[in-house]
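Here's a quick briefing to read alongside the coordinates. Have the viewer open and follow along.

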Amino acid sequence: MDRRIKASRTQEKKLAKEIGGTTIAGSGNGWAVKNDVRNNEWSIECKTTAAARYSLTHRDLINAEKNALLDLRDMAFAIEMQGRTWVVLSKETFLRLIERGEER
């Protein structure tokens, strides 16, 4: 198996386990559920690279957000670079999480 595909699948499986969710088989080519990992609340698009940079575009974020909304979930975009994962959220989602934490 191509090492990039293996790294991508490893990232998705690990994140799914960490959030109590599942990976979506064929998420890149299916017609129903599009983002790579989901649980009851989140739909997450995952990308991985061995490089020290990743080019994240507005279109990538809008597509991931649209796919999450169609799945009735919040969107996150997880990017693994050089062994560390970064998660990108919209400002609205981030503020909602902050507000939720303050209510506890």
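This is a predicted model: local features need pLDDT of at least 70, side-chain atom pairs count only at pLDDT 80 or more; totals for chains, interfaces and linings use all residues.

**Strands and how they connect**

- Let's start with strand 2 (residues 37-38) and strand 3 (residues 42-49), which pair in the antiparallel sense over two bridges. Val-37 has Ile-44 in strand 3 as its bridge partner.
- Between strand 2 and strand 3 sit three residues, and the two strands form a hairpin.
- On to strand 4 (residues 74-81): it runs parallel to strand 3, and eight bridges join the two. Look for Ser-43, which stands opposite Met-75 in strand 4.
- To get from strand 3 to strand 4, the chain goes through helix 2 (residues 58-70), making a right-handed β-α-β crossover.

**Arg-73, tucked into a loop**

- You'll find Arg-73 in the loop between helix 2 and strand 4.
- Is Arg-73 buried or exposed? Arg-73 counts as buried because its relative accessible area is 17%, and the cut-off for buried is under 20%.
- Its side chain has two backbone oxygens to look at: the side chain of Arg-73 reaches that of Asn-39 at 2.6 Å, and the backbone oxygen of Asp-71 lies 2.6 Å from a polar side-chain atom of Arg-73.
- Leaving aside residues up to four places away in sequence, Arg-73 touches Arg-38, Asn-39, Asn-40, Glu-41, Trp-42, Ser-43 and Ala-68. Among these, Trp-42 and Ser-43 fall within strand 3 (residues 42-49).

**Helix 1, one side in and one side out**

- Helix 1 (residues 3-19) has 17 residues and spans 24 Å from its first C-alpha to its last, close to the 24 Å expected at 1.5 Å a residue.
- At its start, a side-chain oxygen of Asp-2 comes to within 2.7 Å of the backbone nitrogen of Arg-4.
- Which residues of helix 1 are buried? They are Ser-8, Gln-11, Glu-12, Leu-15 and Ala-16. These residues are on the same side of helix 1, because they cover an arc of only 125 degrees around the axis.
- What do the buried residues of helix 1 pack against? Strand 1 (22-23), strand 2, strand 3 and strand 4.
- Turn to the face pointing away from the buried side of helix 1 and you'll see the exposed residues Arg-3, Lys-6, Lys-13, Lys-14, Lys-17 and Glu-18.
- After helix 1 comes Gly-20, with a positive phi near 65 degrees.

Key. Residues are numbered from 1 along each chain as its sequence is written. Side-chain values use heavy atoms; hydrogens and water are left out. Two strands pair if DSSP finds at least two bridges between them. Helices (H or I, at least four residues) and strands (E, at least two) are DSSP runs, numbered from the N terminus. A crossover is right-handed if, with the strands pointing away from the viewer, the path from the first strand over the helix to the second runs clockwise. Buried means under 20% relative accessible area, exposed over 50%, partly exposed in between (1.4 Å probe, protein chains only). A polar contact is a pair of N or O atoms within 3.5 Å; within protein, one must be able to donate a hydrogen and the other to accept it, and residues adjacent in sequence count only if both atoms are side-chain atoms. Contact means heavy atoms within 4.5 Å. The expected span of a helix is 1.5 Å times one less than its number of residues. The arc is that of the directions from the helix axis to the C-beta atoms.
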